[in-house]
Amino acid sequence: MSTLSDSHINSSTFVLTGVPGLEVYSLWLAIPFSSIYAMVFLGNCMILHVIRTEPSLHQPMFYFLAMLAFTDLCMWLSTVHTVLGVLWGFMQKISLDFCIAQSYFIHGLSSMESSVLLAMAFDRYIAICNPLRYSSILSNDKIMKIGVAILCRSFSLISPAIIRLKFLSYCRPHVLSHSFCLHQDLLRLACSDIRFNSIYALFLVIMNLLLDAVLIIISYIMILHTVLAIASREERMKSLQTCVSHICAVLVFYIPIIGLTMVHRFGKHLSPLVHILMGNVYILFPPLMNPIIYSIKTQQIRRRVQRLFSLKAV
């Protein structure tokens, strides 16, 4: 056992963890996981295809939805090879460089999804609170600039913490908690001074996720204030219904990420199975649920999807 630990410590590779205690059933678990990854891929591709091919959906709200679907597809691409590789038995280890690169994309894309959800909240705020200026405020040119700003913000802020992972010493057994790499998981294995990474990670949580969440809440407080001032009950309900899909997407994103953060911070005594479960929910739940939410709750998307399937049936 000590020889195995020493080999992990001295090597530059890390062991990926599947589902602890259920290794015998990993092939059976691979089937539902493969199905979920297939649904994520097909669902988000369908959303992108519908928005691209339907001229009536070439509006700011749906451009932001396309950004969300693209982000979810990138998250799928970042994790599919390691998660399914471990379950199908094709992959057990990952190099440090590859691990750092994967953690960069996972955390960068997570920040990007938060930023897109904030942009979608801003879109709903303008549409309801300032409808006469909606098209001028959210022109195609400005949407493109918002997209570029989201991309730069998401991947530039995370860079210092991720780059520093390369220069840390990893003297503890190189066994990861998940079948993919996370920044906090690598810090757990390091024996160098990790104060910079810990403090900077907290700064990122405050400046990205927490700030975005607060701004989303503020936007909905102002939306609610405007909606309640509308005299007609029917118009109030119509205005609020345009926000239902976005509110569901926000909850689907923030609940798993808060749960995973709490497990990593305060759940060291919990079973490894809980860490694995929360990690996979964090990675898979938002990309899986977003296409379903928008296909069911958004009338324009639902009609176009129904038309798409009816054409294929014919």
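How do the residues that line the largest pocket divide by class, and how many of them are nonpolar, polar and charged? The structure is a predicted model, in which local features need pLDDT of at least 70 and side-chain atom pairs count only at pLDDT 80 or more, while totals for chains, interfaces and linings use all residues. Residues are numbered from 1 along each chain as its sequence is written, and side-chain values use heavy atoms, with hydrogens and water left out.

The lining of the largest pocket has 24 nonpolar, 13 polar and four charged residues; here Ala, Val, Leu, Ile, Met, Phe, Trp, Tyr, Cys and Pro count as nonpolar, Asp, Glu, Lys and Arg as charged, and the others, Gly among them, as polar. This pocket has a volume of about 1,200 Å³. Of its 41 lining residues, Gln-184, Leu-260, Thr-261, His-264 and Arg-265 are the closest to its centre. A pocket is an open set of points on a 1 Å grid over the protein atoms alone, with protein on both sides within 12 Å along at least five of seven lines, and lining residues have an atom within 4 Å of a point. A volume is the space filled by probe spheres set on the points, which are joined across faces, edges and corners.

Helix H9 supplies the largest share of this lining, ten residues. Helices are DSSP runs (H or I, at least four residues), numbered from the N terminus. H9 (residues 195–228) also packs against H4 (residues 96–129): their axes come within 9 Å and cross at roughly 15 degrees. Axes are lines fitted to C-alpha atoms over the stretch in contact, and angles run from 0 to 180 degrees between N-to-C directions. The two helices are therefore roughly parallel to each other, a term for angles under 35 degrees. Among the residues that meet are Ser-111, Leu-118 and Tyr-125 in H4, and Asn-208, Leu-215 and Ile-223 in H9, where contact means heavy atoms within 4.5 Å. This contact comprises 13 nonpolar, six polar and two charged residues.

The second largest pocket has a volume of about 530 Å³. Its lining comprises 19 residues, and Arg-124, Lys-238, Gln-241, Thr-242 and Gln-300 lie nearest its centre. H10 gives the most to this lining, with six residues.

Key. Parallel < 35°, antiparallel > 145°, perpendicular 65-115°, else oblique. 1 Å grid on protein atoms, 1.4 Å probe; cavity = no way out; pocket = protein on both sides within 12 Å on 5 of 7 lines; lining within 4 Å.
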